[in-house]
Amino acid sequence: MKVLFIGGTGIISSASSALAVERGIDLYHLTRGKSSEVRPVKGVTNIIADIHDEEGTRKALAGHVFDAVVEWIAFEPSDIERDIRLFRGITSQYVFISSASIYETPPSRLPVTEDTPLYNPVWKYSQSKIACEDLLRAEWRRERFPYTIVRPSHTYDKTLVPIEGGYTVLERMKLGKPVVVHGDGSSLWTLTHHRDFAKGLVGLLGNPDSIAEAFHITSDEFLSWDAIHRVFAAMLGVDPRIVHIPSEVIAKYDRAIGDSLLGDKTHSMIFDNSKIRSFVPDFDCVIPFTVGAKEIVDYYDGEPSRRAVDRRIDQLFDRMIDDYQK
């Protein structure tokens, strides 16, 4: 099977690339030619082009036909329109990496299934992903463009501290400084290791039954936000000083963090993975967050240059905590 990844060395896509190669897929990356030292993938053939240069990409793809194309870096409907022009007739499956943040926010019921309504009144990122999906469904009805939609939730690897503020929060814990957790810390959240996600994604490639279907691919483990912070604290050997602040208050201090919280993380999110398992029977998430968190802490401990503190975020948290406690 011959497969093209648009992107391929990111947090999610790197594990999928490695697994695809391991399973004997003839994998190509459409890349600008910049090497990835953090997540190198061996056994991939690179096609050098910038996907945003449509004519240059068309020339680079001349003569290629793919069983599947996976679009990891499309965020706007214009990206999908370009891809339809580029890949119509040269792929049997176009996989769009969407986002589980497009589901009804807040959800009216849990667990979320693929039939949960798509509605996010807050986050432009999610609204754009919904528009991308709508365009693909319309193109399927119009001319049978062979799409498959995949919706990751919060997927991480060793390089990503999956809490607002990233590594800066871990450093604050080490120093005994208080850390901010939104709400009362009790809302439930699903974190998925990128190697677990890869099994679901790669299992869909070349599957004709997945055409015109949508899937989320997530872990079945869910933790409260307080618990997520406490897992990291345990790995660091400290007792966390958690300060709970409402998401609406946090949003007044930082728009980007606010959108991410109010448009996604504020609300409990648990997923029913029955559909992906029915299409990919060997899909199974086996990496608990305690293991993933240790990989993250070990990664940052392994090289001093990785332990960079974001001074703006650090000072923002200090100001936010001081104001709220007053």
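Throughout this passage, Ala, Val, Leu, Ile, Met, Phe, Trp, Tyr, Cys and Pro count as nonpolar, Asp, Glu, Lys and Arg as charged, and the others, Gly among them, as polar. The structure is a predicted model, in which local features need pLDDT of at least 70 and side-chain atom pairs count only at pLDDT 80 or more, while totals for chains, interfaces and linings use all residues. Residues are numbered from 1 along each chain as its sequence is written, and side-chain values use heavy atoms, with hydrogens and water left out.

Helices (H or I, at least four residues) and strands (E, at least two) are DSSP runs, numbered from the N terminus, and two strands pair if DSSP finds at least two bridges between them. Seven strands make up an open, parallel sheet, ordered S3-S2-S1-S4-S5-S6-S10. Its edges are strand S3 (45-48) and strand S10 (213-217), each of which pairs on one side only. Direction ignored, neighbouring strands of this sheet are turned by 20° against each other on average; axes here are lines fitted to C-alpha atoms, for helices over the stretch in contact, and angles run from 0 to 180 degrees between N-to-C directions. Within the sheet, strand S1 (residues 2-6) runs parallel to strand S4 (residues 68-71), and four bridges join them. Ile6 has Glu71 in S4 as its bridge partner.

Helix H1 (residues 11-22) lies across S1, strand S2 (26-31) and strand S6 (147-152), at about 150° to S2. Helix H4 (residues 124-143) lies across strand S5 (94-97) and S6, and runs at about 160° to S6.

The other open sheet has three strands in the order S7-S9-S11, and its pairing is mixed. Strand S7 (154-156) and strand S11 (222-224) each have a single partner strand, so one side of each is left without a neighbour in the sheet. From one strand to the next, the twist averages 45°. Three bridges pair S7 with strand S9 (residues 188-193) in the parallel sense, and Tyr156 has His193 in S9 as its bridge partner. Helix H7 (residues 225-236) packs on this sheet, touching S7, S9 and S11, with its direction at about 90° to that of S11.

On a 1 Å grid over the protein atoms alone, a cavity is a set of points where a 1.4 Å probe fits but cannot get out, and a pocket is an open set with protein on both sides within 12 Å along at least five of seven lines; lining residues have an atom within 4 Å of a point. Grid points are joined across faces, edges and corners, and a volume is the space filled by probe spheres set on the points. The largest cavity holds about 100 Å³ of space. Strand S8 (179-182) gives the most to its lining, with three residues, and the lining divides into eight nonpolar, two polar and one charged.

The second largest pocket holds about 280 Å³. Among its 15 lining residues, Ser14, Ala15, Ala18, His194 and Arg195 are the closest to its centre. H1 supplies the largest share of this lining, four residues. By class, the lining of this pocket has seven nonpolar, three polar and five charged residues.

Conventions. Contact means heavy atoms within 4.5 Å.
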